[in-house]
Amino acid sequence: MTAVTKAQPDASVGENSVLSVRHLTKSFGGLKAINDVTFDVAPHQVTAMIGPNGAGKTTVFNLVTNILSKDAGQVLFLGRDLAGMSAVKIADMGLIRTFQSARVFPGMTAIENVMVGGHRLVSRSGASEMLWLPAARNEEQRMLRRAEEMLELVGLASFKDTHATELPMGVQKLLEVIRALMAQPKLLCLDEPAAGLNDTETQELANLLRAIRTLGIPVLIVEHNMSLVMNVADHVVVIDSGAIIARGTPAAIQQNKQVIEAYLGREDHAAS
């Protein structure tokens, strides 16, 4: 695989992509934080974005979801240009993301937090819910069962009635991932989901990512845990100083000298 210091336009790339990012650029006070970033997320795959601290990975996430406004470039999700759309509208379209820091709802149990993720799909009317009609009760029960299955999937069933804020940070991170999954995303974007996880929790996350891929849900993940990335990703994009320096399979990335110098060589946790 040949490393690239600048993303090159390719008319053939992105035709069948879930997410197509083209020439994304962003500056802060004259400092170009993101420089002509172009990449794609393919259906049914886990795409990982890696790079040193401060490389711009989370900034890319924020530009894709319009939390930050871009200076230039285009983001297409399922063929639709996201320009001008609110973050809420983008989420309603099925592009669901998590954040670096776990965000749980205080005053709610673990299972209640997970169920919140399914509210995007609720079809019952406000009147039905207010009157607690059978349709509303049935839908609530279906959501409860699905939330229980999600907790079981990542080994958190025993925490279902625990207030989310009382859970260890690693457990809260897993909780956020499965809450996002409850929304039945068309693309799941995970920002450092393994941060704060112990080895057992990281393995549960890896199993979950493989299960998500099996379900056909594409994933874009920003992650520092190279062992996790190399074991679950189908495609890896490497960013350094705001620009893409390489892209390819995990095996190719591990052999890329420019990547080793820019990132893997700086860290002691590169996958062997």
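Before I show the first pair of strands, let me say that two strands count as paired if DSSP finds at least two bridges between them. Please also keep in mind that what you see here is a predicted model.

With that in hand, look at strand E4, residues 72-77, which is joined to strand E5 by two bridges, the two strands running antiparallel. One of the residues involved is Leu76, whose bridge partner in E5 is Asp81. These strands belong to an open sheet of four strands, in the order E2-E1-E4-E5, with antiparallel pairing. At the edges of this sheet we find strand E2, residues 31-41, and strand E5, residues 80-81, each of which pairs on one side only. Across strands E1, E2 and E4 lies helix H1, made of residues 57-64, and its direction makes an angle of about 110 degrees with E1.

Staying in this region, I would like to point out a salt bridge between the side chains of Asp71 and Lys26, with 4.0 Å from N to O. Asp71 sits in the loop between H1 and E4, while Lys26 sits in strand E1, so this pair ties together parts that are 45 residues apart in sequence. The two partners can be described by their accessibility as well: Asp71 is partly exposed at 47% relative accessibility, whereas Lys26 is buried at 9%.

On the H6 side the contact includes Val171, Leu174 and Ile178, and on the H7 side it includes Leu205, Leu208 and Ile212. Taken together, the residues of this contact divide into eight nonpolar, one polar and one charged.

Which salt bridges involve these helices? Within H6, Arg179 forms one with Glu176, the closest N and O atoms being 4.0 Å apart, and these two residues are three residues apart, about one turn of the helix. Arg179 is buried, with a relative accessible area of 12%, and Glu176 is buried too, with 5%.

Definitions and conventions: Residues numbered from 1 in each chain as written. Predicted model: local features only at pLDDT ≥ 70, side-chain atom pairs only at ≥ 80, totals over all residues. Heavy atoms only, no water. Contact = heavy atoms within 4.5 Å. Axes fitted to C-alpha atoms, helices over the stretch in contact; angles between N-to-C directions. Nonpolar A, V, L, I, M, F, W, Y, C, P; charged D, E, K, R; others polar. Buried < 20%, exposed > 50% of the residue type's maximum accessible area, 1.4 Å probe, protein only.
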